[in-house]
Amino acid sequence: MPRIVFALPFRSNVVSGGQKMIYWAAGMLARHGADAVVWQRDGRPGWFASDAPHCQDRPPLSENDLVVLPEDVPASAALQLLQGASPRRILFCQNPFHYLRTRFRDPAPFVWDGAITVGVCNARIVQRVSGVAAIHVVQIAVDGQIFRPREKTLQICTVPRKLPGECDAIIAGLRQLHPHLASIPVQRIERLPEPQVAALMGGSAVFLSLCHREALPLTPIEAMASGCAVVGYHGWGGLDYANSANGRWFGHDEVEGVIDALAEVLDALQRGDPAVAAMIVAGRETAAAYSPAKAEASFLTAFRALGAF
């Protein structure tokens with residue numbers, strides 16, 4: 001059986017949904033009988049739990065094995081990681097903007113034997129740039145047992161990591177333009193372990209989405225699964241699932257629209273408007289489409305097509 005090595009040449013303390021997804025995929029494939037492992041020299045991340053097999057030294061590689069590389073590894077670094085070995089090289093692109101930036105900085109040719117992406121928008125770009133004929137689109141996973149509604153407080157939670165300045169501007173605008181809502185608490189989720197993130201989302205009435213240039217944003221889906229009313233940026237890749245029924249969605253420059261939509265939703269929640277209740281229900285239905293079972297099926301299909309089983 002071929003070995004599947006997910007190579008992660010990054011520090012394990014970097015908080016990113018992409019790193020969490022790689023560990024989830026490796027653990028899931030191993031549970032299904034694949035010889036899968038995450039190779040990360042820096043050790044396991046401590047900010048989320050994972051049962052994925054892990055190694056810090058590069059495992060032996062044969063030409064039948066698959067090495068799965070993230071989109072932001074330059075060709076020169078990838079060749080150094082492989083150290084003369086000739087396994088099949090699989091691109092796992094979770095952000096096309098990172099992939100394009102990497103190709104600009106390191107335009108050296110690199111031949112891929114296959115590619116996996118999250119998101120249909122992402123797949124279109126990767127196919128055009130990489131030259132890989134068949135792109136396997138997989139789903140991300142949101143565990144409804146972890147991300148679930150809890151006793152709600154009328155507060156906003158948000159993950160400002162990518163857009164901290166925009167976060168400040170939106171909250172300041174809400175307080176200035178809608179002063180009757182100035183006392184609404186705002187919980188900023190920064191560098192917290194997953195259980196605390198889930199607890200904050202589950203206890204918050206509203207999630208302010210600050211996604212930016214992503215293939216398929218994970219946090220809004222987690223927030224929808226947690227029963228939040230979602231308002232904010234779709235981050236481009238969120239167009240795969242964002243619609244007028246499950247949230248109030250905007251492009252990156254529509255700051256004023258986000259401020260007013262936040263105010264509209266907060267006011268509606270306070271008066272018990274059934275339209276917002278229906279939006280929250282639609283959000284939970286959207287999140288259910290990204291269940292671990294459906295994500296598993298998509299990954300298994302992709303790796304079987306790549307000859308890993």
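Trainee: Buried or exposed: which is Thr 286?
Mentor: Thr 286 counts as buried, because its relative accessibility is 15%. Buried means under 20% relative accessible area, exposed means over 50%, and partly exposed is in between, with a 1.4 Å probe and protein chains only.

Trainee: What kind of model is this?
Mentor: This is a predicted model, where local features need pLDDT of at least 70, side-chain atom pairs count only at pLDDT 80 or more, and totals for chains, interfaces and linings use all residues. Residues are numbered from 1 along each chain as its sequence is written, and side-chain values use heavy atoms, with hydrogens and water left out.

Trainee: Back to Thr 286. Where is it placed?
Mentor: Thr 286 sits in helix α9, residues 274–288. Helices (H or I, at least four residues) and strands (E, at least two) are DSSP runs, numbered from the N terminus.

Trainee: And what does Thr 286 touch?
Mentor: Leaving out residues up to four places away in sequence, Thr 286 touches Met 224, Tyr 241 and Asn 246. A contact means heavy atoms within 4.5 Å.

Trainee: New topic. What order do the strands take in the open sheet?
Mentor: The order is β3-β2-β1-β4-β5-β6-β7, seven strands with parallel pairing. Two strands pair if DSSP finds at least two bridges between them.

Trainee: Which strands stand at the edges?
Mentor: β3 (54–55) and β7 (135–138) do. Each has a single partner strand, so one side of each has no neighbour in the sheet.

Trainee: What about β5? How many of its residues are buried?
Mentor: Five of its six residues are buried, so β5 is largely enclosed by the rest of the structure.

Trainee: How many bridges join β4 to β5?
Mentor: Five bridges join them, and the two strands run parallel. Leu 69 has Leu 91 in β5 as its bridge partner.

Trainee: And how many bridges pair β5 with β6?
Mentor: Four, again in the parallel sense, between β5 (residues 88–93) and β6 (residues 114–118). There, Cys 93 has Thr 117 in β6 as its bridge partner.

Trainee: Which helix packs on the sheet and touches β1?
Mentor: Helix α10, residues 292–305. Besides β1 (3–7), α10 touches β4 (66–70), β5, β6 and β7. The direction of α10 makes about 160° with that of β7. Axes are lines fitted to C-alpha atoms, for helices over the stretch in contact, and angles run from 0 to 180 degrees between N-to-C directions.

Trainee: Now helix pairs. At what angle do α3 and α4 cross?
Mentor: Roughly 20°, with the axes of α3 (residues 96–105) and α4 (residues 120–130) coming within 10 Å. That makes α3 roughly parallel to α4. Angles under 35 degrees count as roughly parallel, over 145 as roughly antiparallel, 65 to 115 as roughly perpendicular and the rest as oblique.

Trainee: Left-handed or right-handed?
Mentor: The α3 and α4 crossing is left-handed. A crossing is left-handed if the near helix is turned anticlockwise from the far one by less than a right angle, and right-handed if clockwise.

Trainee: What about α5 and α8? At what angle do they pack?
Mentor: About 60°, with the axes of α5 (residues 164–177) and α8 (residues 255–270) 9 Å apart. The two helices are therefore oblique to each other. Their crossing is right-handed. The contact includes Ala 169 and Leu 177 of α5, and Val 258 and Leu 266 of α8.

Trainee: Next, Arg 188. Where is it placed?
Mentor: Arg 188 is in strand β9, residues 186–188. It counts as partly exposed, because its relative accessibility is 35%.

Trainee: Which side chain does the side chain of Arg 188 make a polar contact with?
Mentor: That of Asp 168, at 3.0 Å. A polar contact is a pair of N or O atoms within 3.5 Å; within protein, one must be able to donate a hydrogen and the other to accept it, and residues adjacent in sequence count only if both atoms are side-chain atoms.

Trainee: Last one. What is phi of Arg 213 near?
Mentor: Phi of Arg 213 is near 55°, a positive value in a residue other than glycine. Most residues other than glycine have a negative phi. Arg 213 lies in strand β10, residues 204–214. Trp 236 has a positive phi too, near 75°.
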